[in-house]
Amino acid sequence: MNNFYDLQPSSHVTVMPLHQDKVHFAVSSHSQAVKMPFQAVALIWLGLLSPASALYKQWIPDTNYGNATNWDKGSVPCGTDRVFFAAERRVSVYVETVHSVLEMRLPVDGELILASGAAFVLSDGSDPGCGGGVTARFEDSESLKWFNPELWKAAATWDDLQAGRFLFSVHEESVPCLQDDVVFRPASSFRVDVSSSQQAVPVRSVSIQGQKFSSGSSFSQYLTSRSGKLQFHGSSSPVVTPPSCNDATGCECGNAANHERICAIITCPELACQRPLLPAGHCCDVCGAIVSLRFSGAFNLESYRQRLQHLILNKPTYRSVRLGLSKVREEQRLLGFVLRTSQPKIQVLLVEENGEQTSRLAEAAAKDIISDARSNSGDLGIEGADVELSSGDAGGAGAGLVVGVVFGVLGVLVFLLGVGMLLHRRGTISLPSLPAMPSISWRKSSEVGDLDSPLDHGFDNPMFDKNTLMPSEPELYGESANSISMTQKGVHFVNPVYDETDFSA
């Protein structure tokens, strides 16, 4: 203990470890601050007490002692309170300032990180502004997931991150992408579950306690440290890798493999718009607009993001509109169901704050973006633009899109037919022969033959060939014994069902 605590000579403070998971701070007559010998940040190992470009994505939760949301009572413990950390939980707690403590139960494995000037004041239980005293329990942080989009904030630049100018993104891109810089706030600690469908979760860099890890080796070494093991857990680990994409037109996020894991956390709201839209990379349908841009190599994603921010979103009319800009892949299917290929496109998603009920402003902003894209397509590197509106009224753009799809399908059919005919003429392929159709010959009346000659009955029919059933009717059929006769008036036969002969006798 003496290796960690620097007690002043006049102090009467004693530290008595009653159990491995419980430490009781007692005073004889007055309170005294427990100070640390470190000048910047000190680590107290609890348990064994051993020493110790892209967008910016910042982790929101923390495990700070002074954060009221981390305590079950909703307030930071004071001098008459007893502090309780669950014995089985592993936790890294950051202490920013001086706090009074009456009694504290500590976990078997954990750490307190004391900032410069931070300390615990050992109270004798007389703290007039604290109240009667309660047992304050530190909240469990085991359930906080890396792939929870609601636990991250994104910014285009470091200045925007510090100023709180955050970006809106689809769910897949709300969590760190391959080329993103991950930031954990300097004056804080945390615990995050990095479980993933893959063994490693690659990012561009990771910043912890103001230290930026830009190389895989240095960050891997940090993960093996005591703090790293307490702060990161789960079936996967974050890894720092050099960015594999340096394309100015934009890079795909790379979180498609974890789409189901991401969406399992999200609860989708009920929508009231006429035709909800499902953006690529998003978990829920939205009311708003989606602008799809086909681009050339001259397109620059970040420049275009700034253009839309200043040209569109800075208008007072559109202050409530949120814009998500990303490069995604669009599947192209032949005849609507056969997957042919996938092509990258720029997706501009526009929704309104609390826009489950309305999309009027988002749709108006989308139409302005379409107009700007078509007017400045050459300068922006945009080759085509389409828009989808949740109101169902694309203002002419939707009709043009339908017509384009129809002509596109017809064009594909004509192309395939032409290729098939060309290959057939060259003998590369042969068309299958049609099955032979039964021949039907028509004979003139002169070829029928003599009507008085014997007729070929084909087969015996017991219904018609018994004389007892078909008596001759000379007045109708003449004296011929044949049951069927042909005359110039037609063909005559006897139907025994309607024969006048009485068969009942």
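This is a predicted model: local features need pLDDT of at least 70, side-chain atom pairs count only at pLDDT 80 or more; totals for chains, interfaces and linings use all residues.

Residues are numbered from 1 along each chain as its sequence is written, and side-chain values use heavy atoms, with hydrogens and water left out.

One stretch to treat with care is residues 395-407, where pLDDT is below 50. Beyond near neighbours in sequence, that stretch has 3 contacts in the model, a contact being heavy atoms within 4.5 Å. Residues 439-449 also stay under 50, and for them the model has 1 contact beyond four places in sequence.

Now for the disulfides. In general, a disulfide is a covalent bond between the sulfur atoms of two cysteines. Here a pair counts when the cysteine sulfur atoms are within 2.5 Å, and that rule gives 6 disulfides. Count the bonded cysteines along the chain and the pattern reads 1-2, 3-6, 4-5, 7-10, 8-11, 9-12.

Take Cys78 and Cys130, which are joined with an S to S distance of 1.6 Å. The torsion about their S-S bond is about 80 degrees, so this disulfide is right-handed. The two partners sit 52 residues apart: Cys78 is in the loop between strand E5 (56-59) and strand E6 (82-84), and Cys130 is in the loop between strand E11 (119-122) and strand E12 (135-137). Those labels come from DSSP runs, numbered from the N terminus, with helices (H or I) of at least four residues and strands (E) of at least two.

Next come Cys177 and Cys253, with sulfur atoms 2.1 Å apart. Cys177 lies in the loop between helix H2 (171-174) and strand E14 (181-183), and Cys253 in the loop between strand E20 (237-240) and helix H5 (259-263), so the pair ties together parts 76 residues apart in sequence. This link is left-handed, at -90 degrees about the S-S bond.

Finally, look at Cys245 and Cys251, joined at 2.0 Å from S to S. Their torsion is about -85 degrees, so this disulfide is left-handed. Are these two cysteines buried or partly exposed? Buried means under 20% relative accessible area, exposed over 50%, and partly exposed in between (1.4 Å probe, protein chains only). Cys245 counts as partly exposed at 26%, while Cys251 counts as buried at 17%.

Note on methods. pLDDT is the predictor's confidence in each residue, from 0 to 100.
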